[in-house]
Amino acid sequence: ALTEVLDLVCIGTVGDIMPLVDENRTMVKFGMKIVNTGRRAGLSGLVKAASLTPGKITSENVSYVIVPHLNASGRMEDASIAVELLRYDKMPDDIRAKEDLQKKVDCLVHHNAQRKKVQQNTFVKCVAQLQEADGQEQEDIKDFIVIKSEDAHEGIAGIVAGKMKETYYRPCIIVTPSGEDKQYLKGTGRSIDGVNLYDLLKQNERLFEKFGGHAGACGFLMKKENLSLLEEGLLKGMAALKAEHVDLFEKKYDIDLYAGLDVYTVNLAKELDLLAPFGNANPKPLFYCSKVWLEDVRFMGDQNQHVRFMAKDQAGRKLQCVLFQNAQHYLHHIYSRRQVDLIGTLECQLWQGSERLQFLVNEIRFDEAINM
């Protein structure tokens, strides 16, 4: 029966980034209830190992914690490990079976940690390579980023391309040597809004042995001598798009509410949670908070890639804020001592028994101009 596997349906729907509307939203909503019961022993073991709180798991936890752990086995070694873990419906009585279950959980945790380390190292190398070729400033970056990485792990190339795309807000393709004599290049790419990656590849299909994808992502195989021709063709296609859309490289946000710090409360965050589960086609409500100062700045992460700070308004009101992954991009904003505007979402956390409001920052800006 569907109800017996609704937790797996939920994880698969979120993991495949399906639109969380209509029946998809309904299945994920009720699937999350099953996930939170801890009924499936293998999944429950992974939840515990990933430091999630049973009963408090959200669709975002599924997307950013559970799914990456499950995917990590296939990216780094063997996808069957994740499948076998999820087949543990009930906790086995046999001691060896229990040990086997825990072994698979530990394996996924290890592979995910390994994946994150390899991913970060590859990202750092790609950034260094890009800056060496194109320069340090955003305006020096080419309209389409093409990185040739000799040693990028196939399992994480797409993730790194996505991170490059988010960091520089340019479509990005990472190519790695392939074939017995390395005579081919395997490519994987991610794109920004307004740039249909499949259409761009289609314009250059003569260069590929095979290719596929959609507007936001692609994959292909090509002879290595065709790389310069591909980059030339992609830049030509981007020039045509820029001629039609002068604001192509300006991030666009669908703001739900422009509000000052007096509006953001724990009660508002709780009311917003009634709209969950959030995900593709049903994103968290997005807020625009203007004219605040940043203080109590604290960087986090082994590369200082995250930052936590307080936003303070003219009346002295304060709001705890955190920006993940892209903190180094906003150093000028953070240290400017000027008023800034924040774009992000709101959440209520339970911290040491107390409810705490937090603003998850998507972007920091110097002015209130925003693209709608």
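Predicted model: local features only at pLDDT ≥ 70, side-chain atom pairs only at ≥ 80, totals over all residues.
Leaving aside its neighbours within four places in sequence, which residues is I57 in contact with? They are M32, V35, N36, V47, L52, V62 and I66.

**The nonpolar cores**
- I57 belongs to the largest nonpolar core, which has 27 residues.
- Within this core, I57 is one of the residues that touch the most other members, along with I11, L52, V62, I66, L70 and L108.
- Six helices each supply at least two residues of this core: α1 (6-15), α2 (22-37), α3 (41-49), α4 (59-76), α5 (80-86) and α6.
- Of these, α4 gives the most, with 5 residues.
- Another core lies apart from this one and has 26 residues, including L261, Y264, V307 and F309.
- As background, nonpolar side chains tend to be buried together in soluble globular proteins.

**The sheet**
- An open sheet is formed by 5 strands, and its order is β1-β2-β3-β5-β4.
- The pairing in this sheet is mixed.
- At the edges are β1 (145-148) and β4 (208-213), each of which pairs on one side only.
- From one strand to the next, the twist averages 15°.
- Strands β1 and β2 (residues 172-178) run parallel and are joined by 4 bridges.
- To find this pair in the structure, look for V146, which stands opposite I173 in β2.
- Lying across β1 and β2 is helix α6 (residues 95-134), which runs at about 115° to β1.

**Helix α7**
- Helix α7 covers residues 154-168, 15 residues in total.
- From its first C-alpha to its last, α7 reaches 22 Å, close to the 21 Å expected at 1.5 Å a residue.
- How many of the 15 residues of α7 are buried? The count is 12, so the helix is mostly covered, taking buried to mean under 20% relative accessible area.
- Among the buried residues are G155, I156, A157, G158, V160 and A161. Further along α7, G162, K163, M164, K165, T167 and Y168 are buried as well.
- What do the buried residues of α7 pack against? Their partners are helices α4 and α6 together with strands β1, β2 and β3 (184-190).
- Just after α7 comes Y169, which takes a positive phi of about 45°.

Conventions:
Residues numbered from 1 in each chain as written. Heavy atoms only, no water. Pairing = 2+ DSSP bridges. Axes fitted to C-alpha atoms, helices over the stretch in contact; angles between N-to-C directions. Contact = heavy atoms within 4.5 Å. Core = buried A, V, L, I, M, F, W, Y, C linked by side-chain atoms within 4.5 Å. Buried < 20%, exposed > 50% of the residue type's maximum accessible area, 1.4 Å probe, protein only. Expected span 1.5 Å × (residues − 1).
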